[in-house]
Amino acid sequence: MTTLEWVAVIGGLAMVGAGAVGLLRRRRAPARVPATTSTAAVAELLAGTARRRRHATPSSATTDLRSEVEAGNDARETEVDARHILDALADVRDACGGEEAVLWRWDESRDALIPASWSTPDADRPRHFRMEDWGPLARWAAEGRLVVFDGTDAQAAPCLAAAPLIDQALLVGVLTVSHAGGLAISRARAKDWMPRYARGILSLVTLSESRREYARQMRQSRALLTAVRQIGAHNTQDTLAPSLCETALEVSSAGAAALVRWRSDFQKGSVRFATHGFRHRPPYPLDTDTLVANACRDNQVLFLPDSSQLGPGVSLFFTGDGGWPEGSLGIVPLNRDGRVIGAIVVASPETDRITHDEVRNLTDLGVVAATSLEIVWEIDEVTRKASTDGLTGLVNRRAFDEHLKRLLNETDRFGQPLALILADIDHFKRINDTWGHEAGDEVLRRVSRKLVEGVRNVDVVARYGGEEIAILLPQTSLVGATDLADRLRHAVGAQPVKFKGEEIAVTISLGVASYPDAVPAREVLFRSADRALYEAKKAGRNCVKAVAVSASGGGA
């Protein structure tokens with residue numbers, strides 16, 4: 001038998017959360033929270049241990065659907081529950097003539113007892129519990145399911161009495177009461193009363209967790225009803241996708257949510273939106289042999305209370321993404337007229353955090369959202385095709401002109417500079433003449449990809465014409481844009497383009513301008529960058545030239 005594990009670190013102690021009797025049966029591992037015996041802190045312990053509406057790390061891309069009134073009511077109810085438990089421990093301490101009563105919760109994953117609450121005020125851990133002497137006895141009470149005392153003299157008053165908390169044959173924890181000089185009750189009386197005290201404490205914990213579980217289910221139901229009313233009001237993917245992921249977090253206990261679009265006709269998909277709980281930023285394509293792609297292809301709900309059972313090498317969205325190595329995971333395909341059009345993916349870093357009932361909530365959410373999603377995705381597809389270059393996938397010239405006008409207006413309004421880089425593939429005609437137009441197309445695609453990979457999501461990369469590519473950089477100075485242009489130049493030139501067994505060396509020339517820090521007039525921003533590009537070509541190509549400010553506002 002191992003000795004009792006003392007789990008009490010500065011800034012964090014734990015109290016197991018369960019939310020109703022069913023959670024107690026699973027004996028979930030406690031969450032770490034700041035440790036103290038103030039009512040507010042114990043209320044935080046209780047609130048953090050119920051099955052929460054989401055994990056403690058919220059996404060900045062999502063907002064809380066609960067109203068401030070609901071949040072205030074939850075806080076008040078939790079504080080009342082915490083006060084009841086602290087008062088009950090103080091009553092046990094006083095009834096036994098002890099210095100301290102402690103509620104310990106059993107953590108099966110650690111094979112240890114965790115101090116959850118104690119009667120000593122303003123202490124960050126049990127202050128009077130002699131760990132070396134009494135720790136093994138508390139564990140003995142837990143493992144033996146019996147009342148345990150210190151010492152062997154049946155006539156002497158015990159210094160420690162410990163009784164297990166048992167719920168339907170499952171161990172929940174241990175109640176201890178102690179006094180270094182001896183308790184004020186006899187062993188016989190303690191043996192009779194300690195199980196009663198333990199049952200009373202267990203009833204308080206169970207009732208408070210059950211109440212919070214009921215409140216959680218009511219909040220999730222309200223979130224679904226709210227989603228039904230609001231989803232129809234979203235007419236773009238940019239507003240609908242975050243709203244759905246937000247609602248997915250509200251109707252489950254997940255800490256991360258993602259929305260996937262699936263094309264059944266091509267058996268391909270892509271991640272369109274994800275909260276910050278997932279490491280990689282959308283959009284990006286799904287790989288074929290991944291959990292999400294397989295769930296969409298098979299139209300099969302996937303629910304994993306413990307994702308570690310998948311083992312290494314399993315990918316979630318794309319090959320090598322690491323999957324979801326630890327915690328719980330749910331993948332719910334979205335159906336429309338018998339076709340899978342996408343999926344909602346939710347995850348939590350905690351095992352058993354997401355439940356079957358919550359996966360059903362997500363299924364209901366998918367039924368509500370499928371029609372609106374298909375409509376906005378079809379609109380998005382038409383809009384994307386109208387604004388995208390078919391060869392490179394970059395923004396086309398018409399859309400570039402719209403972005404330029406919008407960003408110039410924002411610059412005038414907020415005062416942050418807007419930089420423009422014009423890039424041209426060196427000797428592109430020679431590439432076409434030597435290797436053919438198919439090779440030229442491949443070079444354009446590869447260069448375009450390198451440029452997109454090298455900029456931010458807020459930047460705009462467009463095929464402006466032929467082999468010329470324009471990059472708009474909001475809130476970027478001339479110096480910053482010039483540095484970026486040189487990095488892009490190196491990135492393109494570092495790897496030749498492979499085409500039908502041949503390696504084609506590719507370089508680019510770049511011209512840079514920025515408004516208003518280098519170009520004082522917005523009307524000449526493009527012309528200035530184009531002149532800088534001309535200077536780069538004139539200087540021998542494969543280089544970067546930045547505009548110089550002139551009195552007329554043009555580039556030199």
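This is a predicted model: local features need pLDDT of at least 70, side-chain atom pairs count only at pLDDT 80 or more; totals for chains, interfaces and linings use all residues.
The model contains an open sheet of six strands, arranged in the order β10-β9-β8-β13-β12-β11 with antiparallel pairing. Its edge strands are β10 (284-285) and β11 (302-304), each of which pairs on one side only. Within this sheet, β8 (residues 256-263) and β9 (residues 268-274) are joined in the antiparallel sense over six bridges. Leu-259 lies opposite Phe-273 of β9. Helix α6 (residues 237-250) packs on the sheet, where contacts are made with β8, β9 and β13 (339-348). The direction of α6 makes about 130 degrees with that of β8. Helix α8 (residues 356-387) also packs on the sheet. The strands touched by α8 are β8, β9, β11, β12 (328-336) and β13, and the direction of α8 makes about 130 degrees with that of β13.

The buried residues of α7 are Leu-291, Val-292, Ala-293, Ala-295 and Cys-296. Just after the helix, Asn-299 adopts a positive phi of about 50 degrees.

A hairpin is formed by β3 and β4, with four residues between the two strands. Strand β3 (residues 100-107) and β4 run antiparallel and are connected by six bridges. Trp-106 has Leu-113 of β4 as its bridge partner. In the turn, Asp-111 has a positive phi of about 55 degrees. Strand β4 is mostly covered, with seven of its seven residues buried. The loop between β4 (112-118) and α4 (131-144) contains Thr-120. The relative accessibility of Thr-120 is 6%, and this residue therefore counts as buried. The side chain of Thr-120 is joined to that of Glu-100 by a polar contact of 2.4 Å.

A further hairpin is made by β15 and β16, with two residues between the strands. Strand β15 (residues 460-465) and strand β16 (residues 468-474) run antiparallel and are joined by five bridges. Val-461 stands opposite Ile-471 of β16. In this hairpin, Gly-466 has a positive phi near 55 degrees. Of the six residues of β15, five are buried, so the strand is largely enclosed by the rest of the structure.

Two helices, α10 (residues 428-435) and α11 (residues 437-453), pack against each other at an angle of about 135 degrees, with their axes 6 Å apart. Because of this angle, α10 is oblique to α11. On the α10 side, the contact is made by Phe-428, Ile-431, Asn-432 and Trp-435. On the α11 side, the contributing residues are His-437, Ala-439, Gly-440, Val-443 and Leu-444. By class, the contact between α10 and α11 comprises six nonpolar residues, three polar residues and no charged residues.

Notes. Residues are numbered from 1 along each chain as its sequence is written. Side-chain values use heavy atoms; hydrogens and water are left out. Axes are lines fitted to C-alpha atoms, for helices over the stretch in contact, and angles run from 0 to 180 degrees between N-to-C directions. Angles under 35 degrees count as roughly parallel, over 145 as roughly antiparallel, 65 to 115 as roughly perpendicular and the rest as oblique. Contact means heavy atoms within 4.5 Å. Ala, Val, Leu, Ile, Met, Phe, Trp, Tyr, Cys and Pro count as nonpolar, Asp, Glu, Lys and Arg as charged, and the others, Gly among them, as polar. Buried means under 20% relative accessible area, exposed over 50%, partly exposed in between (1.4 Å probe, protein chains only). A polar contact is a pair of N or O atoms within 3.5 Å; within protein, one must be able to donate a hydrogen and the other to accept it, and residues adjacent in sequence count only if both atoms are side-chain atoms. Two strands pair if DSSP finds at least two bridges between them.
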